[in-house]
Amino acid sequence: MLASTALTAMAQDLVIGRSTEPSAIDPQFSRTGNNQMTADNIFGTLLSTDENLQMHPALATEWTNMDDLTWDITLREGVTFHDGSAFTADDVIFSLERTDEVPNSPAPFTDNVSSIASMEKTGDHSIRIVTKTPNPALMEQVGRVFILSKAAAENATLDDFNSGKAAIGTGPYRFVSWKPAESLTIERFDDYWGDKPEFATVEYRFITNNAARTAALLSGSVDLIDAVSPSDVPTLEGNNNIKVYGIESGRLIYLGLSMRDSAPGVTDLAGAPLDANPFDDVRVRKAVSMMIDRQLIIDRILGGAGVASAQIVPSVLGGYADDLSAVPADPAAAKALLAEAGYPDGFGITIYSSNNRFPGDGDLAQALGQMLARGGLKVNAVETLPYNVYAAAASKGEYGAFVFSLGSSTPNSEANLRSLLQTYNADEGTGGFNRTRYSNADFDMALQDAMQEFDPATRNEKLAAATRIAMEDQALVPLYFQKVYWASNTEIDFIPNLAERTVAGDVRSAAE
C-alpha cells in the first residue's frame, strides 16, 4: 500500500498514472486487482500481506484454534474509522456477513467466507468464528476481506460508496473524490493506527494507453506508473531521471473455455450455433492447449516478460506441482485430438479479451487467434473490450473462449484453486471466479481434503495432488505468469508486491 514507515517529506503529494480504474469504490464489490489496489489504501483488513505474500496481523492481532472448527480472534484496539468512530467487533461481523450479499458483484469475495457456520461477538474487540468443516486457511480467507463501518455501510448503495458517503474505512488514506475515466484522489488519514502515510495526497490518473502513460511519466506530469509495456522498459532504463522496477508476479494469464450449456461465440464451420458444447470434451480442451506456443507469445509479444505455465500458481508458492510444466506447441497432435473428439475439420470460435487490463492483452488475443487457426479451428473473430465492461460480461458467461487473469494473494494455491476451479455453487459460496463452470467431483474431493489438513507440508502435498487432477482434465488453459513493471521518477522509491494487490506496493520518498 501507499503507507510507509517514513516520516520525511510529509507534505509531498504523489501522482500515479494507472492503467485501469476501479469499477466501484465499494471494496467488497469486486475482488479484482483494479478494485483492490484502490480499496487497500482506504479500507483495512484483518491481516496484511507483504511483498512475498506472507500474512501479518493488521486489524486482527491474535487468533487461536480452540478446536478444529472454532477460532477466537482478537481485534486491534484504538483503531478509528475516517469519520472518527471506533472500530469494533460489530464492524467485523457486519463486514463478513455482507461479503456474499453484495448485489451484481462480478467477482465476489464469497469464497472467503463460505466456510463460516456462525460468528459471535465475545467482546468489543473479540469475535468467535465456527466453521462448517475444519478449515486451516480460515484466517487467510477472512483476513483478506475489507472491513467496513457498519454505521456507514449498512444501508448504503453503490452510489453512496462511489460518491464517498459510505467510503469510510480504517486505511491510511481517506476518500476525497472519484471522477470516472479521469482520476481518483485520496488524502492522508492522520489518525491511522499503523505507520503514518508519507504523502499528504495521492491522485490516481487513469491513463489506459501504454504510450500515453509512459509519456506522462517522462514529462513529469505523474510520478509513478504501473503496467509499463515491456517494449518501453529499455528506453526507460536508459533514462537517468527514471527508475524501473520489475518482478515475476503471481498473476496467471489463462485462456478460459466455457463448459456451460453453450459456449457463446463457438459455432459450426458455417457460423451456426452447435448443438453440443465442444469444450465439454477434455480432448478438445487439451487440443486447444496444444495449439498454443507459450514461449513464442512471451518472446514476441511480451519481450520476454513472462514465464510459461502449466498450472495456476508459480513455483514459489505452496501447492505447486513440480512435475507439471508447459509443453511446446504441437498443432499436428492438436488436430489429431480434435478428429478423435469428432471435429476432424474443427469448428468456429471467437476469442474474447480485455484490451487494457495488462500489457499486451489485446495483442495476446490476436496471437491466440492465429495459433488456434493453425491448430485446426476456424477463428471467426477476435474481440477485445475495456476491462470494466469485459469483466462483468465474462462473469455472466457471455464468452465461450476468453482471456483472463488471476493474481495470487496467499502463501499457497488453495485460494486460487478454490475460487477458480472448484464447482460453482452460489448457495455454498464456492467457485466464485469459476467463469467457465468447470466441475470435477474428483478434484473437488481432493481439494476439500487439502483444505481440511492442518499440517502445512501435508497440506501443500494435497494441494499439488488436486492441481494434477485439474490440469490433467485441462480445467483451463494456463498461458504464463506475468513479469510486471512499474516506473517512477528518481524522487520515489518503490517496493513491488508479488500479489499486485496495490498498484504502488510500498511507495516512499527517495530521500530516506
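**Aromatic rings and an open sheet**

Author: In this predicted model, ring pairs join Tyr352, Tyr387, Tyr390, Tyr399, Phe402 and Phe404 into a cluster. The count of aromatic pairs comes to 12.

Reader: Why is the pair of Phe402 and Phe404 called edge-to-face?

Author: Two rings pair if their centres lie within 6.5 Å, and planes over 60 degrees apart count as edge-to-face. The centres of Phe402 and Phe404 are 6.4 Å apart and their planes stand at 80°, so this pair is edge-to-face.

Reader: Are Phe402 and Phe404 buried or exposed?

Author: Phe402 and Phe404 are both buried, a term that requires under 20% relative accessible area.

Reader: What makes Arg357 a charge over the ring of Tyr387?

Author: The CZ of Arg must be within 6 Å of the ring centre and within 35 degrees of the ring normal. Arg357 lies over the face of Tyr387, 5.2 Å from the ring centre. Likewise, the charged end of Arg437 sits over the ring of Tyr424, at 3.6 Å from its centre.

Reader: Which strands form the open sheet, and in what order?

Author: The sheet has four strands in the order E5-E6-E8-E7, with antiparallel pairing.

Reader: Why do strands E5 and E7 stand at the edges?

Author: Strand E5 (60-65) and strand E7 (116-123) each have a single partner strand, so one side of each is left without a neighbour in the sheet.

Reader: How do you know that E5 and E6 pair?

Author: Pairing needs at least two bridges, and five bridges join E5 to strand E6 (residues 70-75). In E6, Trp71 is the bridge partner of Asn65.

Note on methods:
Residues are numbered from 1 along each chain as its sequence is written. This is a predicted model: local features need pLDDT of at least 70, side-chain atom pairs count only at pLDDT 80 or more; totals for chains, interfaces and linings use all residues. Side-chain values use heavy atoms; hydrogens and water are left out. Rings of Phe, Tyr and Trp (its six-membered ring) pair if their centres lie within 6.5 Å; planes under 30 degrees apart count as stacked, over 60 as edge-to-face and the rest as tilted. Buried means under 20% relative accessible area, exposed over 50%, partly exposed in between (1.4 Å probe, protein chains only). Helices (H or I, at least four residues) and strands (E, at least two) are DSSP runs, numbered from the N terminus.
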